[in-house]
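Good morning, and thank you for coming.

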Amino acid sequence: MKKKFDKYWYYRHSVQSPELDLRFIRNCYRKLKQKEPYVFREDFCSTFALSCEWVKMGPLYKSVAVDIDNRPLKYGKEQYLSQLELHQQKRIQVIKSNVLKLNTAKADIISALNFSYFTFKKRLELKKYFLNCLKLLNPNGLLVLDCFGGTQCFERNEEQTDYGKFIYYWDQRHFDPVTHHSLFYIHYKRKGEKKREKAFIYNWRLWMIPELKDLLEEVGFRKVHIYWEGTDKDGEGNGRFTRREKGEECESWVAYIVSEK
Ligand SMILES: C[S@@+](CC[C@H](N)C(=O)[O-])C[C@H]1O[C@@H](n2cnc3c(N)ncnc32)[C@H](O)[C@@H]1O
């Protein structure tokens, strides 16, 4: 019998790399602050894979996972949280809430990854989010965002990646040059089956690094750093991100934006 299609499983195995994200985030904090971060808040957490990885680092590590949608939270509880040891589970707080309405305990690091804050299309809304993050960070805390762009994002395009047993499609269906509102889909195709369209749908505004940097500084972050990805010998991203003042023109890029309180 064919296994039921579990979209979060496919997402986990095509889009996410919690161990790599956490290694970057933790090293960043250590380098900038010369100490160890312990409290991590994962905004837009979906199935909170990062929060589950975070508490595995030791008995002092705590995480707070926030998402507005109960479905991924329920999945995360059943599939990831339940796999942890009891003392690890106790160090994770899962909150169903709009990130704009949070009033959590203070964190050393807040992350909003996989571009989730692109959901805020108005500058005032995004400003409110950044202000709230600033308020709920410990002194010396970091806000870690990622961002993507490149010439390819300014037109309709679809990329596919073959993972052997399934194909992952990143489909940018629409881009509006006036508003930067953009529509994205993730599709999957399991071997020998038809393509499953629109497993995930994102209605976003494509924010650009300079406007994000300006806004983060405007709300009061002391320093905003851009971490740009290095390239391998074929010119492809090599997964190593370093602090840079300037980027490079390319068809498609991903960067981290790290802001210091
Ligand atoms: C792109 S997915 C998150 C992916 C996850 N952060 C990761 O790295 O793979 C976006 C998530 O943001 C959540 N979300 C959207 N708007 C939100 C809001 N205002 N407050 C909290 N969560 C929100 C959605 O429910 C969804 O689970």
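Domain 1 and domain 2 bury about 1,000 Å² between them, and 52% of that area is on carbon and sulfur atoms. Buried area here is the accessible area (1.4 Å probe) that two parts lose on being put together, summed over both. Please note that this is a predicted model, in which local features need pLDDT of at least 70 and side-chain atom pairs count only at pLDDT 80 or more, while totals for chains, interfaces and linings use all residues. Residues are numbered from 1 along each chain as its sequence is written, and side-chain values use heavy atoms, leaving out hydrogens and water.

The assignment, which is automatic or from a database, gives domain 1 as 18-149 + 209-260 and domain 2 as 151-205. Their C-alpha centres lie 23 Å apart. At the interface, 14 residues of domain 1 are in contact with 9 residues of domain 2, contact meaning heavy atoms within 4.5 Å. The rule finds 1 salt bridge across this interface, that is, a side-chain nitrogen of Lys or Arg within 4 Å of a carboxyl oxygen of Asp or Glu.

The largest nonpolar core has 67 residues, and Tyr117, Tyr129, Phe130, Tyr188 and Ile257 have the most contacts inside it. Such a core is a set of buried (under 20% relative accessible area, 1.4 Å probe, protein chains only) Ala, Val, Leu, Ile, Met, Phe, Trp, Tyr and Cys residues joined through side-chain atoms within 4.5 Å. A second, separate core of 18 residues includes Cys28, Val144, Phe241 and Tyr256.

Notes:
Buried means under 20% relative accessible area, exposed over 50%, partly exposed in between (1.4 Å probe, protein chains only).
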